[in-house]
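Open the model in your viewer and keep the selection panel at hand. The tour goes stop by stop.

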Amino acid sequence: MPQSGDLLRLADAVLFPGFAGQTPPDWLRRRLGDGLAGVVLFSRNIAGPDQVARLTAALRAENPSVLVGTDEESGEVTRLEVATGSSRPGGYALGVVDDVGLTEAVARDLGGDLARAGITIDFAPSADVNSNPDNPVIGLRAFGADPVLVARHTRSFVRGLQSAGVAACAKHFPGHGDTSIDSHHGVPVVADDGIEAALVPFREAIKEGVKAVMTGHLLVPSYDAELPATLSPKVLTGLLREELGFDGMIITDGIEMAAVSGAYGIGGASARAVAAGADAICIGGERADEATAVEVRDAIAAAVTDGLLPEERLADAARRVRELAAWATSSGSQVQGHENGYLGLTAARRAIRVTRRSTAPLLPLSSAPYVVELAPEMNLAIDKGTPWGVGEPLARLLPGTTVVRLEAGEATGAALERLIGEAVFRPLVIVVRDAHRYAWQAEALRHLLSARTDAVVVEMGLPARSDLGAVHIATYGSARVCGQAAAEVLTGGV
């Protein structure tokens with residue numbers, strides 16, 4: 001049945017859709033003028049900081065209190081620097097350094113860049129405890145596998161980001177770290193014996209005054225054996241609001257992800273999320289058209305009419321969104337200058353760990369090496385176009401460096417033998433990314449090392465082993481600065 005204009009506007013007041021293009025489409029301008037709460041920027045919307053600043057100014061021309069959010073975690077998950085790779089390492093590298101002052105400084109520097117671009121809420125940090133090394137979607141995005149370490153760096157990141165006038169958003173509540181399924185594709189289950197450890201960083205983030213929390217599409221049987229957290233009143237209202245005392249804005253992870261939309265559709269999942277206690281719906285990572293935004297708005301309004309969603313709950317959700325928008329409008333950026341990447345490179349350098357297994361003087365490299373980069377397919381949180389690797393920065397330091405990149409289907413025995421032949425009489429550097437999670441990478445690495453025991457291995461993911469290669473270099477990240485730091489180690493530059 002047709003919905004009233006007031007109810008539709010109330011539904012719009014909790015939506016954060018995505019959109020296509022680097023300027024606001026007409027439909028988005030129109031909806032912002034009618035009270036749409038916010039928008040989410042993805043890589044497709046970003047060409048550079050100046051363009052983003054113009055884009056966000058255009059959004060505010062339609063709605064001065066619009067909340068503009070993005071996933072800028074630094075490290076692997078970057079939006080502002082997707083074209084170049086991040087000038088800051090991700091959470092895991094910061095956790096390895098374990099200097100909370102550095103983490104706060106990096107987050108403040110990041111917040112300054114976001115604020116200057118007109119972004120008011122950053123869906124970071126990842127407060128997940130990566131206690132499962134085979135986790136397919138968190139990994140390096142977490143600060144580590146120890147809940148106490150993750151908690152102190154979560155607090156530092158929140159403090160730094162919000163000191164720059166940008167709202168932090170701890171995610172993925174109640175913790176995506178101890179899982180083996182990517183919630184983009186299915187429903188991960190959090191074991192009963194792991195939930196208390198997973199909650200530690202979120203408890204600390206709340207104490208720090210984090211402005212927002214993002215839900216994870218996770219099943220937590222100890223609290224709710226049937227509904228994933230995003231759709232569960234027991235988790236969002238009972239646990240997050242009442243038990244942990246969080247009073248800020250709760251926003252969902254991408255509502256189109258299969259873990260929640262698979263059973264109810266995007267509109268149905270959105271309405272159920274608000275009924276469960278969520279205040280804002282994030283959509284548009286995969287479906288960024290006007291029809292999707294209308295579908296979700298109408299489904300929320302219909303849920304009120306049908307009695308599934310109390311109008312008082314929807315109004316309360318809209319109030320929390322408005323309160324965050326008011327904070328963002330009044331806070332402004334407190335950061336005047338920025339570090340031009342030096343702080344991030346310093347952090348990346350400090351995170352490097354080198355294991356030497358040969359007494360031969362292999363480093364620094366004395367001649368242009370042959371670099372083989374083994375490139376796995378990354379999860380959907382990481383933009384596939386984000387540059388990474390050691391070969392490119394190494395070639396700048398050692399002209400004449402040869403770089404070959406192989407994906408899963410290309411790392412055949414014949415291809416590897418050809419590379420071994422081409423690399424004769426030259427230093428061999430093998431770059432991997434989460435080698436322990438990909439059988440083809442492990443096999444390719446074994447093949448190459450059996451022929452070249454003097455090879456150097458650079459692991460740019462989680463290093464499950466440090467006994468691979470004559471020298472093993474762990475960067476704890478694949479951001480641009482991590483590759484630069486590894487290249488400096490290889491050439492004796494640090």
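Which residue forms a salt bridge with E196? Select R203: the closest N and O atoms of R203 and E196 are 3.5 Å apart. Keep in mind that this is a predicted model.

**Stop 1: the R203 and E196 pair**

Colour both residues by accessibility. R203 counts as partly exposed, at 28% relative accessibility. E196 is partly exposed too, with a relative accessible area of 42%. Side chains of opposite charge can pair when their charged atoms come close.

**Stop 2**

Now select D71 and K171. Their side chains meet in a salt bridge, 2.8 Å from N to O. D71 lies in the loop between β3 (67–70) and α4 (91–97), while K171 sits in strand β5, so the pair ties together parts that are 100 residues apart in sequence. Are these two residues buried or exposed? D71 counts as buried, because its relative accessibility of 14% is below the 20% cut-off. K171 is also buried, with a relative accessible area of 1%.

**Stop 2**

Zoom in on I121, which stands opposite A167 in β5.

Show helix α6, residues 147–163, as well. With β4 and β5, α6 makes a right-handed β-α-β unit.

Then select strand β6, residues 212–215. Three bridges join β6 to β5, again with parallel strands. A212 in β6 is the bridge partner of C169. Strands of a sheet pair through backbone hydrogen bonds, either parallel or antiparallel.

**Stop 4**

How many salt bridges does a search of the whole structure find? The search finds 40. One of them joins E295 and R287, whose closest N and O atoms are 3.1 Å apart. E295 is partly exposed, with a relative accessible area of 36%. R287 counts as partly exposed at 37%.

Select a further group next: R241, D247, D279, R313, D316, R319, R320 and E323. Salt bridges that share partners join these residues into one network.

**Stop 3: a helix pair**

Display helix α5, residues 100–116, and helix α12, residues 342–351. Their axes are 10 Å apart, and the helices pack at an angle of about 145 degrees. α5 passes α12 in a left-handed crossing. Show side chains at the contact: L102, A105, V106 and D109 come from α5, and L343, A347 and R350 from α12.

**Stop 4: the six-stranded sheet**

Finish with an open sheet of six strands. Trace its order as β9-β14-β13-β12-β10-β11; the pairing is mixed. Which strands stand at the edges? β9 (353–356) and β11 (402–406) do, each with a single partner strand, so one side of each is left without a neighbour in the sheet. From one strand to the next, the twist averages 15 degrees.

Within this sheet, select β13 (residues 456–459) and β14 (residues 471–474). They pair in the parallel sense over four bridges. Zoom in on V458: its bridge partner in β14 is I473.

Definitions and conventions. Residues are numbered from 1 along each chain as its sequence is written. This is a predicted model: local features need pLDDT of at least 70, side-chain atom pairs count only at pLDDT 80 or more; totals for chains, interfaces and linings use all residues. Side-chain values use heavy atoms; hydrogens and water are left out. Two strands pair if DSSP finds at least two bridges between them. Helices (H or I, at least four residues) and strands (E, at least two) are DSSP runs, numbered from the N terminus. A crossover is right-handed if, with the strands pointing away from the viewer, the path from the first strand over the helix to the second runs clockwise. A salt bridge is a side-chain nitrogen of Lys or Arg within 4 Å of a carboxyl oxygen of Asp or Glu. Buried means under 20% relative accessible area, exposed over 50%, partly exposed in between (1.4 Å probe, protein chains only). Axes are lines fitted to C-alpha atoms, for helices over the stretch in contact, and angles run from 0 to 180 degrees between N-to-C directions. A crossing is left-handed if the near helix is turned anticlockwise from the far one by less than a right angle, and right-handed if clockwise. Contact means heavy atoms within 4.5 Å.
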